Amino acid sequence: MTCFFTSRFYKYLLPVLMTGCFLFANETSFTGLNLPASPSHIVFIEDSWTEALKQAKFQHKYIFVDAYASWCGPCKMLKNTTFTDAKAAAFYNSNFINVSIDMEKGQGPALGAQWGLTAYPTLIIFNPEGKPVLGTVGFINASELIRFGKQALSK
């Protein structure tokens, strides 16, 4: 009688097991996003309101929208300063589904019209069903952004 677990079996099984362990070690979340353990910036879904809604319903989280235009100076300042603040990143990455939408491309123009946007950047927080909860227009710093998020979550 031969043992099922022969060296030939291990020759093929070992690479499969090692690959599986490697995949789990990559910290891939159920959302399909590869996130480091503690990102130093707010992690955004790019230009997909549809995906943000889907993730919000799945994870039972509010949605934080950065509605911007590529030519907008204050929008660039938000991306380079406020959204890269470690405290703001920790708060938003753990409490929200974050989506950044170029309001002049893809779904942007239709969403801008639907939401009545007239200036950029516009920051909006929606509930998991996609209903607006709170919004603000213009540049804000990291502490103001955290306050804004906490205010929306309390509604």
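Two residues are in contact when they have heavy atoms within 4.5 Å of each other. Keep that rule in mind for the legends below. The model is a predicted one, in which local features need pLDDT of at least 70, side-chain atom pairs count only at pLDDT 80 or more, and totals for chains, interfaces and linings use all residues. Residues are numbered from 1 along each chain as its sequence is written, and side-chain values use heavy atoms, with hydrogens and water left out.

View 1. Helices (H or I, at least four residues) and strands (E, at least two) are DSSP runs, numbered from the N terminus. Among contacts in the chain with a separation of 6 or more, 69% are between residues 24 or more positions apart. Of the 155 residues, 37% count as buried; buried means under 20% relative accessible area, exposed means over 50%, and partly exposed is in between (1.4 Å probe, protein chains only). The chain exposes about 9,400 Å², and carbon and sulfur atoms supply 62% of it. Accessible areas come from the Shrake-Rupley method with a 1.4 Å probe, and for residues only the protein chains shown count as cover.

**View 2. Helix α2 spans residues 49-59.** Look for Trp 49, Ala 52, Leu 53, Gln 55 and Ala 56, which are buried. They are on the same side of α2 because they cover an arc of only 170° around the axis, the arc being that of the directions from the helix axis to the C-beta atoms. Here is a handy rule: an α-helix has 3.6 residues a turn, so residues three or four places apart point the same way. On the other side of α2, Thr 50, Lys 54 and Phe 58 are exposed. The buried residues of α2 pack against β1 (45-46), β2 (62-68), β3 (96-102), α5 (108-115) and β4 (122-126).

**View 3. The largest nonpolar core has 20 residues.** A nonpolar core is a set of buried Ala, Val, Leu, Ile, Met, Phe, Trp, Tyr and Cys residues joined through side-chain atoms within 4.5 Å. Those with the most contacts inside this core are Phe 64, Phe 83, Tyr 92, Leu 123, Ile 125, Leu 145 and Phe 148. Two or more residues each come from β2, α4 (86-95), β4 and α6 (142-153), and α6 gives the largest share, five residues. Apart from this core lies another, of 17 residues, including Leu 53, Val 65, Leu 111 and Ile 124.

**View 4. Cys 72 and Cys 75 form a disulfide.** A disulfide is a pair of cysteine sulfur atoms within 2.5 Å, and here the sulfur atoms are 2.4 Å apart. The torsion about the S-S bond of Cys 72 and Cys 75 is about 80°, so the disulfide is right-handed. Both Cys 72 and Cys 75 are buried.

**View 5. Asp 47, His 60 and Pro 121 show some backbone details.** Most residues other than glycine have a negative phi, and most peptide bonds are trans. Asp 47, in the loop between β1 and α2, has a positive phi near 55° and is partly exposed, with a relative accessible area of 36%. His 60, in the loop between α2 and β2, has a positive phi of about 55° and is exposed, with a relative accessible area of 68%. A cis peptide bond joins Tyr 120 and Pro 121, with omega about -5°; Pro 121 lies in the loop between α5 and β4.
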